[in-house]
Amino acid sequence: MLNDTILLLRHALHACPEVSGKEEKTKAMLMDFLKTHTTMELHPCGDGFYAAHREMDPNKPVLALRADYDALALPDGTAAHLCGHDGHAAALCGAALLAEGQTFGRDIFFLFQPAEETGAGAAGCTELLQKEPVEEIYGAHNLPGFPMGQVVTRPGTFACASQGVTLTFQGKPAHAAYPENGVSPAAAVGRLLCALPPLSDPGRYSGMTLCTVIGVEMGEKAFGAAAACAEVWLTLRAEHDQDLRTLYEEILGLSRAMASEYGLYFSHQIQDVFPATENAPPCAQKVLDLCGGQLLRTPMRWSEDFGHYLRHCPGAFFGIGAGEAHPPLHTEAYEYPDALLQPTVYAFLALMRG
């Protein structure tokens, strides 16, 4: 049975979690599975790959279906599939098995992408959209808290844009007995933290915009030395990319002003960049119609790097319920539910047929 085949694959993937950018065994396992069970061409794409289902006389829009396959990094240096990417990849393999030898009136590309958790995987895999004439692209994510198998999506933003920001304030060291001989970042950082909440006031933006303080590190626990350097770690989040850019620029402007006032050297870095996942309305409606979907009223606050594809090609991202009482994503109790494999495969099948 199809379900037994992909169930075994899902469990094999679950037992071999690999962090973003290090998914060598996972990638090999998926490629071997497709080579064994299909006759599809396999091609490299960014750091991932895709399988090609080609037809002699296609007359419908060319589709791409995407799944991610990286695991979460844990504090102890290991990894675990606590977001369900093992299930996503297994379900897409299941859709490829159903496409084998069938005629849909269109070419279909099954895209397997690494490094979603860091936001680094999709950008490279947009290479597919240059290599093949893809006209629509779709992807899915399991959603604990929603009824098992229920498809949900919305036109416009499905998942928010986000980016991590590290703000660094460098002063001058001094002995703790003579702090006046140094330049401390303490006052600048304190004022900055108090000034951040008004910057994300909802009245200033076109949609939800949020600045979350992740942490602050200043000086070291050495009681003879005054602090000379500080870092502030923020996550910026917004429903729309332009709002995220506006918030980011305002924070940088304020940080530079604080550094200048207190005689500090200022620098910054960004990381884990995710554009907003903005669905094309016709494609979102197609998901709702073909998959028996329900309209999601507000965007998900979390981020998904699928937004990189949607900057280049119309498409839609959707969620599939993992059960209302299922443990949340990114928690120790989470594991992709096996019962969700078949509904996910059949949602992809509905899009292939549509």
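With which residue does Arg-10 form a salt bridge whose closest N and O atoms are 3.0 Å apart? The partner is Glu-335. Here a salt bridge is a side-chain nitrogen of Lys or Arg within 4 Å of a carboxyl oxygen of Asp or Glu. Arg-10 lies in helix H1 and Glu-335 in the loop between strand E18 (315–321) and helix H10 (341–353), so this pair ties together parts that are 325 residues apart in sequence. Helices (H or I, at least four residues) and strands (E, at least two) are DSSP runs, numbered from the N terminus.

The model is predicted: local features need pLDDT of at least 70, side-chain atom pairs count only at pLDDT 80 or more, and totals for chains, interfaces and linings use all residues. Residues are numbered from 1 along each chain as its sequence is written, and side-chain values use heavy atoms, with hydrogens and water left out.

The structure holds 13 salt bridges. One of them joins Arg-10 to Asp-86, with 2.9 Å between the closest N and O atoms. Because Arg-10 is in helix H1 (residues 2–14) and Asp-86 in helix H3 (residues 85–99), the contact ties together parts 76 residues apart in sequence. Another links Asp-338 with Arg-10, the closest N and O atoms being 2.8 Å apart. Asp-338 is in the loop between E18 and H10, 328 residues from Arg-10. Through shared partners, Arg-10, Asp-86, Glu-335 and Asp-338 form one network of salt bridges.

Relative accessible area was computed with a 1.4 Å probe on protein chains only (buried, under 20%; exposed, over 50%; partly exposed, in between). Arg-10 is buried at 1%, and Asp-86 is buried at 1%. Glu-335 is partly exposed at 31%, and Asp-338 is partly exposed at 29%.
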